[in-house]
Amino acid sequence: MKPTQVFYHPGTVTREERAALLKQAGATVWFTGLSGSGKSTLAVALEQVLIQRGHAAYVLDGDNVRLGLNAGPKVLMEARGYAEDRAKRFGLGFSAADREENIRRIGEVAKLFADAGLFALTSFISPYRADRDAARKAHQGNKGGAIPFVEVYVNTPIECCEQRDPKGLYKQAREAVAAGKGMGFTGVDDPYEPPAAPELTFDAGKQSVEEGVALVLNYLQDKGLVRG
Ligand SMILES: Nc1ncnc2c1ncn2[C@@H]1O[C@H](COP(=O)(O)OP(=O)(O)O)[C@@H](O)[C@H]1O
Ligand SMILES: [Mg+2]
């Protein structure tokens with residue numbers, strides 16, 4: 001094996017120059033919460049409003065990313081023709097280690113989008129505190145200058161998520177647990193670690209999507225990240 005050394009190569013375009021071009025500096029808005037808590041709904045609504053107001057924004061969503069960048073072995077074999085051993089090596093599942101790697105990659109992609117000047121809106125359960133904190137740290141330590149990282153805890157009670165259960169996943173998970181198999185499903189037989197100090201908290205059991213959008217927009221305005 002050849003030894004390889006990798007060195008960061010700085011560009012010459014500054015974050016200020018990018019911000020002047022796009023009339024925004026970019027930031028990551030990180031939605032975290034249980035399955036069915038309303039992350040995707042809120043992220044997609046916020047994206048629409050930001051775009052309407054003349055801001056470039058892009059949603060990175062859990063399920064979508066797991067069909068592409070962070071596909072699992074099955075997708076890699078069926079859609080990309082990977083051999084089984086290669087698919088297992090590079091595909092991501094839902095074990096603790098794979099969830100960690102999933103979030104690490106998302107954190108890095110969001111950072112790149114935000115560094116390019118966009119609002120990166122990430123919608124992932126991201127159940128482990130250490131993984132979210134690592135994404136925050138990556139933004140703070142960005143080589144071209146710190147990037148704002150706004151953690152939004154979508155704190156909808158599990159009873160409400162489970163009642164809505166649009167994908168039928170809680171039902172599946174409860175049945176798996178009852179059958180003694182388990183599924184490693186967040187909130188049922190895998191932990192969700194709530195953020196210790198999120199910038200914002202939203203409860204989709206009590207608050208409307210419009211209220212959620214206003215909550216985040218107000219915060220971004222207060223921080224001077226979007227126009228008033
Ligand atoms: N603020 C809200 N009020 C009422 N229902 C909501 C709200 N936000 C989301 N929902 C509904 O809750 C369900 C789960 O939302 P979703 O955005 O898919 O959650 P997640 O992406 O966190 O899994 C969907 O059926 C959605 O229509
Ligand atoms: Mg979702």
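**Figure 1. Packing of helix 6 against helix 7 in a predicted model**. Helix 6 (residues 96–115) and helix 7 (residues 129–140) pack at an angle of about 25°, with 9 Å between their axes. Axes are lines fitted to C-alpha atoms, for helices over the stretch in contact, and angles run from 0 to 180 degrees between N-to-C directions. Helices (H or I, at least four residues) and strands (E, at least two) are DSSP runs, numbered from the N terminus. The two helices are therefore roughly parallel to each other; angles under 35 degrees count as roughly parallel, over 145 as roughly antiparallel, 65 to 115 as roughly perpendicular and the rest as oblique. From helix 6, E100, I103, R104, G107, E108 and K111 meet D131, A134, A135, A138 and H139 of helix 7, contact requiring C-beta atoms, placed from the backbone, within 7 Å. By class, this contact has five charged, four nonpolar and two polar residues.

The model is predicted: local features need pLDDT of at least 70, side-chain atom pairs count only at pLDDT 80 or more, and totals for chains, interfaces and linings use all residues. Residues are numbered from 1 along each chain as its sequence is written, while chains are lettered from A and ligands numbered from 1 in the order in which they are written.

**Figure 2. Crossing of helix 2 and helix 10**. The axes of helix 2 and helix 10 (residues 209–222) cross at roughly 60° and come within 9 Å. This angle makes helix 2 oblique to helix 10. Helix 2 contributes T41, L42, A45, L46 and V49 to the contact, and helix 10 contributes V209, G212, V213, V216 and L217. By class, eight residues of this contact are nonpolar, two are polar and none is charged.

**Figure 3. Surroundings of ligand 1**. Ligand 1 is surrounded by 15 residues, of which G38, K39, S40, T41 and A204 are the closest; a residue is near the ligand if its C-beta atom, placed from the backbone, lies within 6 Å of it. Helix 2 (residues 39–52) gives the most to this shell, with three residues. By class, the shell has ten polar, three nonpolar and two charged residues.

Note on methods. Contact = placed C-beta atoms within 7 Å. Nonpolar A, V, L, I, M, F, W, Y, C, P; charged D, E, K, R; others polar.
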